[in-house]
Amino acid sequence: ADYRVYAILGDGEIAEGQVWEAFMAAAKYKLDNLCAIVDVNGLQIDGATKDVMPTEPLDEKFKSFGAHVITIDGHDFEQIENALKEAATVDKPVAIIAKTVKGKGVSFMENQCGWHGVAPNDEQYEIAMADLNKILAELEA
């Protein structure tokens with residue numbers, strides 16, 4: 001196909017067998033237009049992935065299922081762009097492992113699994129926006 005297919009996955013959800021079955025099929029059928037981006041923050045709804053259902057070493061697992069693996073800092077836009085460009089040149093399915101921090105930049109959310117599926121209240125929203133605006137101001141300076 002002359003189009004690309006992107007799937008965004010979390011490191012908690014990839015404990016599901018259907019993800020690995022999909023990668024086996026993608027490799028078998030040489031789906032070189034498939035790119036999975038895996039958000040690896042080490043947390044899922046029930047706690048740390050290492051405690052709930054360990055999935056590491058992800059790079060080796062994806063390689064063993066026939067994927068080309070690219071590991072990046074998932075907060076670095078240049079690395080994200082370069083990984084997507086590289087993915088478009090590879091003749092096999094691609095897994096981009098994006099190492100991230102859950103809730104990055106929000107003081108009370110960083111590395112807290114309790115924020116899966118929970119919206120902040122009005123006071124928390126104001127704190128979060130102040131935290132993010134501070135980071136934005138620093139980037140613009």
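User: A nonpolar core is a set of buried Ala, Val, Leu, Ile, Met, Phe, Trp, Tyr and Cys residues joined through side-chain atoms within 4.5 Å. How many residues does the largest one have here?

Analyst: Heads-up: this is a predicted model, where local features need pLDDT of at least 70 and side-chain atom pairs count only at pLDDT 80 or more, while totals for chains, interfaces and linings use all residues. Residues are numbered from 1 along each chain as its sequence is written, and side-chain values use heavy atoms, with hydrogens and water left out. Buried means under 20% relative accessible area, exposed over 50% and partly exposed in between, using a 1.4 Å probe and protein chains only. L9, I14, F23, V38, L58, F62 and I97 have the most contacts inside the largest core, whose residue count is 14.

User: Which elements give two or more residues to that core?

Analyst: Elements here are DSSP runs numbered from the N terminus: helices (H or I) need at least four residues and strands (E) at least two. The chain has five helices and six strands. Those giving this core two or more residues are α1 (17-28), β2 (34-40), α3 (58-64) and β6 (94-99).

User: What does V38 touch, leaving aside neighbours within four places in sequence?

Analyst: Contact means heavy atoms within 4.5 Å. By that rule, V38 meets L9, G10, D11, I14, F62, I96, I97 and A98.

User: How many residues are in the second core?

Analyst: This one is separate, and its members include A83, V90, I96 and A98. The residue count is nine.

User: How are the rings of W20 and F62 arranged: stacked, edge-to-face or tilted?

Analyst: Rings of Phe, Tyr and Trp (its six-membered ring) pair if their centres lie within 6.5 Å; planes under 30 degrees apart are stacked, over 60 edge-to-face and the rest tilted. There are four aromatic pairs in the structure. With centres 4.7 Å apart and planes at 45°, the W20 and F62 pair is therefore tilted.

User: Is F65 buried or partly exposed?

Analyst: W20 and F65 make a tilted pair, 5.1 Å centre to centre with 40° between planes. F65 lies in the loop between α3 and β5 (68-73), 45 residues from W20. At 23% relative accessibility, F65 is partly exposed.
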